[in-house]
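Welcome, and thanks for taking a look at this one with me.

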Amino acid sequence: METRSERAETTLTAIVGAALDIAVTEGLESISIGEVAKRLDLSKSGVFSRIGSREQLQVAVLLEFDKRFVQTVFLPAMGEARGLPRLQAVMRRWLNWASDVDRHKTCLYTAGAFEYDDREGPVREHLLDGVLRWRATLRRTVLQAVEAGHLRADLDAEQMVFEMDAIFTLLLHDARFLRDPRAPERAERAWQRLLKDCQPA
């Protein structure tokens, strides 16, 4: 039999999940206590008592998105050998995330950056933290490939991460906004070209 604390945790999970669904389809600013309550057939006070303010709910959504993103994109790639195999696995899973518009809708790191580029406050701070941690993860993975001799010793890791992010962002744009079925193929070609340029001669 489910305890009260277990029921509360289940309800909290449902609240964050409903808010995340709103965020990935309509944006972080579209999240509201009222809309979440409506979707879950709860009172506004019931949602508020479990999550707090709208801002706290937005932050909880970012934390949940971060967890799902890492579990889907990065952790499975850790099973690959350090160096190029792991970097390839990370990039492939990252590009698959952008391509699978039905399942993932969008990337809150990317979409949120445009929403919050000129805003201040806790939501922007959490969003920025997530983006910077992901960039740092990519940079560390690139440097491991350099150390393994799979990429050039003089490689500018920051530049490579910038270009990897650019490929992902443009894929997300073309797959979702242009609805171009060729976008994943174009992104893969761009990635292979970048990778070739970064490998030892």
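The points that follow go from the overall chain to its helices, their packing and a few loop residues.

1. **What kind of model this is.** Please keep in mind that you are looking at a predicted model. The mean pLDDT of the chain is 92, and 96% of the residues reach 70 or more.

2. **The overall picture.** How many helices and how many strands are there in the chain? The chain has 10 helices and zero strands, so if you follow the elements from the N terminus you read α-α-α-α-α-α-α-α-α-α. The C-alpha trace spans about 65 × 40 × 35 Å along its principal axes. Of the 201 residues in the chain, 42% are buried. Among contacts between residues at least 6 apart in sequence, 67% join residues at least 24 apart.

3. **Helix 4.** This helix covers residues 54-74, which is 21 residues. From its first C-alpha to its last it reaches 29 Å, close to the 30 Å expected at 1.5 Å a residue. Its buried residues include Leu-57, Val-61, Phe-65, Phe-69 and Val-73. Gln-58, Glu-64 and Asp-66 are also among the buried residues of helix 4. As background, an α-helix has 3.6 residues a turn, so residues three or four places apart point the same way.

4. Ser-53 sits in the loop between helix 3 and helix 4. Is Ser-53 buried or partly exposed? With a relative accessible area of 27%, Ser-53 is partly exposed. Leaving aside neighbours within four places in sequence, Ser-53 is in contact with Ile-33 and Phe-48. Thr-10 lies 43 residues from Ser-53 along the chain, and their C-alpha atoms are separated by 19 Å.

5. **Helix 5 against helix 9.** Helix 5 (residues 84-99) packs with helix 9 at an angle of about 25 degrees, the axes being 8 Å apart. Because of that angle, helix 5 counts as roughly parallel to helix 9. Their crossing is right-handed. On the helix 5 side the meeting residues include Met-91, Trp-94 and Trp-97, and on the helix 9 side they include Met-164, Phe-168 and Leu-171.

6. **Helix 5 against helix 10.** Helix 5 also packs with helix 10, here at an angle of about 155 degrees and with the axes 11 Å apart. Which way does helix 5 run relative to helix 10, roughly parallel or roughly antiparallel? The angle makes helix 5 roughly antiparallel to helix 10. This crossing is right-handed. Among the residues of helix 5 that meet helix 10 are Leu-84, Gln-88 and Arg-92; their partners in helix 10 include Pro-184, Trp-191 and Leu-195.

7. **Helix 7 against helix 8.** Helix 7 (residues 108-115) and helix 8 (residues 122-147) pack at an angle of about 135 degrees, with their axes 10 Å apart. That angle makes helix 7 oblique to helix 8, and the crossing is left-handed. Leu-108, Tyr-109, Gly-112 and Ala-113 in helix 7 are the residues that meet Leu-127, Gly-130, Val-131 and Trp-134 in helix 8.

8. **Two loop residues with a positive phi.** In general, most residues other than glycine have a negative phi. Asp-41 is not a glycine, yet has a positive phi of about 55 degrees. Asp-41 lies in the loop between helix 2 (33-40) and helix 3 (44-51), and counts as exposed at 72% relative accessibility. Arg-179, likewise not a glycine, has a positive phi of about 55 degrees. Arg-179 is placed in the loop between helix 9 (157-178) and helix 10, and is exposed with a relative accessible area of 70%.

9. **One more loop.** Gly-149 is found in the loop between helix 8 and helix 9. Gly-149 is partly exposed, at a relative accessible area of 45%. Gly-17 is 132 residues away from Gly-149 in sequence, and 42 Å away in space, C-alpha to C-alpha.

Terms used
Residues are numbered from 1 along each chain as its sequence is written. This is a predicted model: local features need pLDDT of at least 70, side-chain atom pairs count only at pLDDT 80 or more; totals for chains, interfaces and linings use all residues. Side-chain values use heavy atoms; hydrogens and water are left out. Helices (H or I, at least four residues) and strands (E, at least two) are DSSP runs, numbered from the N terminus. The expected span of a helix is 1.5 Å times one less than its number of residues. Buried means under 20% relative accessible area, exposed over 50%, partly exposed in between (1.4 Å probe, protein chains only). pLDDT is the predictor's confidence in each residue, from 0 to 100. Axes are lines fitted to C-alpha atoms, for helices over the stretch in contact, and angles run from 0 to 180 degrees between N-to-C directions. Angles under 35 degrees count as roughly parallel, over 145 as roughly antiparallel, 65 to 115 as roughly perpendicular and the rest as oblique. A crossing is left-handed if the near helix is turned anticlockwise from the far one by less than a right angle, and right-handed if clockwise. Contact means heavy atoms within 4.5 Å.
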